[in-house]
Amino acid sequence: MDGDVRSIILDIEGTTTPVEFVYDVLFPHASEQSAVFLAQHWSDHGVQRDIAGLRDEHARDLATGLEPPAWEIAASPLEIMSIAAYVRWLISRDRKTTALKSLQGKIWRAGYEAGLLRAEIYDDVPPALDRWTRSGVQVGVFSSGSVLAQRLLFAHTTAGDLTVFLSNYFDTTIGSKFEVGSYRHISGALDEPAPAILFVSDVVAELDAAKTAGMKTTLCVRPGRLIDRGDHPAVATFDSICP
Ligand SMILES: [Mg+2]
């Protein structure tokens, strides 16, 4: 790596973590646990706020002609089951709305804390985080998952708690991963000029946006993933990203 890189920003899905963990473990867990979680945490203020957001989303879905599962009358015994059915319906459509993401984050936290979930991390990731931070490079994350979900994932990995290595977390509240402006915001938030930042991802379109913002880029190509490399340097593991 160039000696002038002072900050590394990592994508999660397909870069630090197998895509399968997100789609075969995390999302199914939120679907399966939603009814039990809502029943156990019904009176929590944050859960009620998420439910209010979901109720608005449900009304919008009906208004636009979609056919989500019916929302049963408030406080009726069937209401929780009907909300859980709606949550599963949203997850099956890969919705990324604020209320859904917020509720999913809470369900995942309960799952991680109960030991039901452990995040998969590629083997080369922990030693690289250690190596980079020892050499004075700051490491952060930019992912479409919420900052809460990012922190939970790195706090409960198969290799232990990796949050000690991470200084910054960015999600799409600062902008889409495909927009140049998002990477300019990250540069500003880190108080580093873009050329001092290396962005690592498995998606060429994200790297293109980061490069346009002036960042250095590296394409991470994990096993089983066939990717058009574009015009970015490519690596198979973090072992070859050395300060
Ligand atoms: Mg990715």
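Predicted model: local features only at pLDDT ≥ 70, side-chain atom pairs only at ≥ 80, totals over all residues.
The residues of α6 (residues 147-155) that are buried are Ala149, Gln150, Leu152, Leu153 and Phe154. Residues three or four places apart in an α-helix point the same way, because such a helix has 3.6 residues a turn.

Helix α6 also takes part in a right-handed β-α-β unit, together with β2 and β3. These two strands run parallel and are joined by three bridges. Within this pairing, phenylalanine 142 has phenylalanine 170 of β3 as its bridge partner.

| Strands | Sense | Bridges |
|---|---|---|
| β1 (residues 7-10) and β2 (residues 138-142) | parallel | four bridges |
| β2 and β3 (residues 168-170) | parallel | three bridges |
| β1 and β4 (residues 197-201) | parallel | four bridges |

Strand β1 pairs with β2 and also with β4. Isoleucine 8 figures in both pairings: its bridge partner in β2 is valine 139, and in β4 isoleucine 8 stands opposite leucine 198.

The side chains of a regular strand alternate between the two faces of the sheet. In β1, both faces are covered. Ser7 and Ile9 are buried on one side, while Ile8 and Leu10 are buried on the other.

Definitions and conventions: Residues numbered from 1 in each chain as written. Pairing = 2+ DSSP bridges. Right-handed = clockwise from strand over helix to strand, strands pointing away. Buried ≥ 20, exposed ≤ 12 C-beta atoms within 10 Å, placed from the backbone.
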